[in-house]
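This report covers a few local features of one protein model. Please have the sequence and the structure open while reading.

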Amino acid sequence: MRWSRYFLHTLREVPADADVISQKLMMRAGLIRKVAAGIYTYLPLGLRSIKKMEAIVREEMNRAGATELLMPAIQPAELWMESGRWQKYGRELLRIKDRHDRDFVFGPTHEEVITDTVRDTINSYRQLPINLYQIQTKFRDEVRPRFGLMRGREFIMKDAYSFHSSRESLDETYEGMRQAYGRVFRRCALDHVPVEADTGNIGGSASHEFMVLAQSGEDAVVSCPSCKYGANVEKATSKFFDDEVGPAPADAIRHIDTPGTQSIDDVAKFLGTKTSELVKTLIFDTDLGAVMVLVRGDREGNEVKIKNHLGAQWLEMLPDARFEEATGAPVGYCGPVGTKCARVLADYSLRNRGSWIVGGNAKDRHTANVVPGRDFPEPEYSDFTTVLAGDACPRCGTVLEIYRGIEVGHIFKLGTKYSESMNCVYLDESGERKPMIMGCYGLGIGRTVASAIEQSHDADGIIWPMPIAPFEVVVTAVGKDEAVVRTATEVYETLLAAGIDVLFDDRDERPGVKFKDADLVGFPLRIAVGAKSLANGQIEWSWRRDRAKQLGEPAAVTAQVIDFVKAGRQQGT
């Protein structure tokens, strides 16, 4: 492809509404163009990377035994009512009506449609297991779309769904898909980690996220360097040692005047103690009513863990305006003794303490020597806090590390959540009707491409990994000299004949403009043909990652570049 005939137009200025580096560089390099908030056109250069990403995913899905199909983006509301998600999914679900006033949705995901498809087709255990996947555009009406392709409203996704007659069969397919995802991201040359994760709106018994490590990542990833335990902070746990026992219970509770000490730090300073020795009280509003959660003073409550423990549909911090009515205490001084909250939860880290210091349920007052089970009903203990760097690994005790990550894939063991509600059943060996056991496996195509840029770039532009680079090589003719143009054309045509994705920069532009554009777009390999080096029978080539220039005869450089590209394509396979 010749640049002069290609639809590729770079920008010098950073778009004003671009949030993160991948969005800035993709817009400046002519890969995407914004149409509306969270909605983008994939320009020819960006589409090439998307198609390469799709090809890798298809190869690995087929290798894992999945079969491709294509489901409609627009789905009838009846299916969502069957599954129960019409009411529960929330405002991210784009609901629309057709000319007959019938309700539809623009699919954010396809559990309902695939379950409907399989229940009308499969009826015997002999036809199971089956694993079906698609690559398709989805829509989620994000309240605040941002970060370009990383959190858009319309996006391209690969989603797969497996159906089984036993948990063992699901486990086998789940593991096969987990390995397939690892191969996908290794082939894309991405530094990534699989982590345990919360199942969220999709539901199910277990799930793993695949995180591309990058400083710009929205998610915090907890990782153990010894046993390779990993989890999203929404799911991660740490080890609290049982021998960390607090002071023995005192004879009676004791009220302490603590004027002007609403925050936990204020209380600790006033009492001359550590925040870890205090108990922090958190009050949440839920569809089940107000709930009190007690955690160590140096810890933060984990809303996902709390919501899952309660089985609540929604959870948020209780507004100050309703605080005293719901708890019987002023903001900043709430505690469990005599609380009006019907349910009191406490983190595992408090379980072995003999007595606690808590809010005194009156302004400027705290209460010491409080004993659970004596001074207030025994709370519900579980893991309700967010893991911190330096905590002990729950498996081996090694100090945990925390990284930033971008979620690019998520796999779930759905179980029978959808098959039961939608009557997707099969006949087992004895002729008994049973719900199929399901798995679900999602991978963001555009998000993975964007995350590759977040992970690999410099001040001048993108540094593409070879397997998903829109073009693998750029050949630049430096100047209009006849010999330069002829040699550059010959190199370009030789690469083209060898099956290399090569772009020939034949534009009538200054060399500096061409080189800056090559840096911005991020072609992995560059060949420059200029009059000065050609006079000595040589041309110049370099890798984008270090731009160290090397010289060689045209035929030798071309052959070497072909070898480099073919080796780069095989990375991770």
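This is a predicted model: local features need pLDDT of at least 70, side-chain atom pairs count only at pLDDT 80 or more; totals for chains, interfaces and linings use all residues.

Are α2 and α11 roughly parallel or roughly perpendicular to each other? Two packed helices are described by the angle between their axes and the distance between the axes. Helix α2 spans residues 44-63 and helix α11 spans residues 445-455; they pack at an angle of about 110°, with their axes 9 Å apart. Angles of 65 to 115 degrees count as roughly perpendicular, and α2 and α11 are therefore roughly perpendicular to each other. The crossing of α2 past α11 is right-handed.

On the α2 side, the contact is made by Ser 49, Ile 50, Met 53, Glu 54 and Val 57. On the α11 side, Ile 445, Gly 446, Thr 448 and Val 449 take part. Sorted by class, this contact has 5 nonpolar, 3 polar and 1 charged residues. An α-helix has 3.6 residues a turn, so residues three or four places apart point the same way.

How many residues of α11 are buried? The count is 10 of its 11 residues, and the helix is mostly covered. Among the buried residues are Arg 447 and Glu 454, along with Ala 450, Ser 451, Ala 452 and Ile 453.

**An open sheet**

An open sheet is formed by 3 strands in the order β13-β19-β18, with antiparallel pairing. Its edge strands are β13 (254-257) and β18 (356-359), each of which pairs on one side only. On average, neighbouring strands of this sheet are turned by 30° against each other, direction ignored. Strand β18 is joined to β19 (residues 365-370) by 3 bridges, and the two run antiparallel. Gly 359 stands opposite His 366 in β19.

**Loops and backbone**

The loop between β18 and β19 holds Asn 361, a residue with positive phi that is not a glycine. Another such residue is Arg 547, which lies in the loop between β30 (539-543) and β31 (550-552). Their values are set out below.

| Residue | Phi | Relative accessible area | Class |
|---|---|---|---|
| Asn 361 | about 60° | 15% | buried |
| Arg 547 | near 60° | 24% | partly exposed |

Buried means under 20% relative accessible area, so Asn 361, with 15%, is buried. Arg 547, with 24%, is partly exposed.

The peptide bond from Leu 128 to Pro 129 is cis, with omega near 5°.

Notes. Residues are numbered from 1 along each chain as its sequence is written. Side-chain values use heavy atoms; hydrogens and water are left out. Two strands pair if DSSP finds at least two bridges between them. Helices (H or I, at least four residues) and strands (E, at least two) are DSSP runs, numbered from the N terminus. Axes are lines fitted to C-alpha atoms, for helices over the stretch in contact, and angles run from 0 to 180 degrees between N-to-C directions. Angles under 35 degrees count as roughly parallel, over 145 as roughly antiparallel, 65 to 115 as roughly perpendicular and the rest as oblique. A crossing is left-handed if the near helix is turned anticlockwise from the far one by less than a right angle, and right-handed if clockwise. Contact means heavy atoms within 4.5 Å. Ala, Val, Leu, Ile, Met, Phe, Trp, Tyr, Cys and Pro count as nonpolar, Asp, Glu, Lys and Arg as charged, and the others, Gly among them, as polar. Buried means under 20% relative accessible area, exposed over 50%, partly exposed in between (1.4 Å probe, protein chains only).
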